[in-house]
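Subject: Handover of a structure and the findings

Dear colleague,

Please find below the structure that I am handing over to you.

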Amino acid sequence: MASKRQSVGTQLSFALYGAANRMARMHKPFLEPLGLTFPQYLVILDLLDGAPLTVGTLGARLDMDTGTITPLVKRLESAGFVTRTRDPADERRVLVDLTPRGRALETEVRGITDKIKSACQLTNQGLDELRRTLEALAHPTSE
């Protein structure tokens with residue numbers, strides 16, 4: 001039996017792709033004045049929750065491979081937002097920490113979530129439900 005043809009507009013992958021692109025575009029006007037890209041914003045946000053972190057931990061938590069996270073962190077270092085130092089306990093590991101300039105972004109960076117929530121017209125409950133659905137799709141518990 002032949003399966004019913006579906007247009008690209010009815011595909012889950014297309015809807016997710018569009019939503020991800022819209023989300024990144026919605027962040028842009030809030031991030032540009034801070035001198036951050038969307039991936040850099042994610043790194044700063046994660047570091048605000050518990051720096052210093054190793055490059056490997058940052059990559060794992062943000063679902064970015066080494067080839068993505070390392071140059072991103074280097075650009076943040078060049079901009080003066082983070083420092084990279086060798087872990088004294090294990091020279092193979094690089095620790096990433098926020099500089100005072102990076103920490104100074106905390107209020108603005110943390111405030112972006114509410115601006116995005118408002119722009120998406122989501123309630124706290126709606127936001128939590130959407131996040132849980134997307135996390136379950138991205139990281140299923142049994143594969």
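I begin with L58, which, leaving aside its neighbours within four places in sequence, is in contact with V43, D46, L47, L53, I69, V73 and V96; contact means heavy atoms within 4.5 Å. This residue is found in helix α3. L58 counts as buried because its relative accessibility is 0%; buried means under 20% relative accessible area, exposed over 50%, and partly exposed in between, with a 1.4 Å probe and protein chains only. The C-alpha atoms of L58 and F14 are separated by 28 Å, and the two residues are 44 apart along the chain.

Before the remaining findings, two remarks on the source are in order. The model is predicted, so that local features need pLDDT of at least 70 and side-chain atom pairs count only at pLDDT 80 or more, while totals for chains, interfaces and linings use all residues. Residues are numbered from 1 along each chain as its sequence is written, and side-chain values use heavy atoms, with hydrogens and water left out.

Overall architecture

The protein has 7 helices and 3 strands; helices (H or I, at least four residues) and strands (E, at least two) are DSSP runs, numbered from the N terminus. Along the sequence they follow the pattern α-α-β-α-α-β-β-α-α-α. Taken along the principal axes, the C-alpha atoms fill a box of roughly 60 × 35 × 25 Å. The protein has 143 residues, of which 27% count as buried. Among contacts between residues at least 6 apart in sequence, 51% join residues at least 24 apart.

Helix α3

Besides L58, the buried residues of α3 include V55 and G59. Seen down the axis of α3, the buried residues fall within an arc of 95 degrees, so they line one face of the helix; the arc is that of the directions from the helix axis to the C-beta atoms. The face turned away from this buried side carries the exposed residues G56 and A60. Among the elements that cover the buried residues of α3 are α2, β1 (53-54), α4 (66-78) and β3 (90-98).

Helix α1

How far apart are the end C-alpha atoms of α1? They are 28 Å apart, which agrees with the span of 28 Å that its 20 residues should have at 1.5 Å a residue; the expected span of a helix is 1.5 Å times one less than its number of residues. The buried residues of α1 fall within an arc of 135 degrees when seen down its axis, so they line one face of the helix. M26, H27 and L31 are buried in α1, whereas Y17, R25 and P29 are exposed on the other side. The cover over the buried residues of α1 includes α2 and α6.

The largest pocket

About 1400 Å³ of space lies in the largest pocket. On a 1 Å grid over the protein atoms alone, a pocket is an open set of points where a 1.4 Å probe fits, with protein on both sides within 12 Å along at least five of seven lines, and lining residues have an atom within 4 Å of a point. Grid points are joined across faces, edges and corners, and the volume is the space filled by probe spheres set on the points. Of the 30 lining residues, M23, F38, L42, R131 and L134 are the closest to the centre of the pocket. At least two residues of the lining come from each of α1 (12-31), α2 (38-48), α3 (55-62), α6 (106-119) and α7 (124-138). The lining divides into 20 nonpolar, 3 polar and 7 charged residues; Ala, Val, Leu, Ile, Met, Phe, Trp, Tyr, Cys and Pro count as nonpolar, Asp, Glu, Lys and Arg as charged, and the others, Gly among them, as polar.

Individual residues

K117 is found in helix α6 and is buried, with a relative accessible area of 17%. Not counting residues up to four places away in sequence, K117 touches L122, T123, N124 and L127.

Most residues other than glycine have a negative phi, and most peptide bonds are trans. D63, in the loop between α3 and α4, has a positive phi of about 60 degrees although it is not a glycine. D63 is exposed, with a relative accessible area of 61%. Q121, in the loop between α6 and α7, has a positive phi near 55 degrees and counts as exposed at 74% relative accessibility. The peptide bond from A51 to P52 is cis, with omega near 0 degrees, and P52 is found in the loop between α2 and β1.

Yours sincerely
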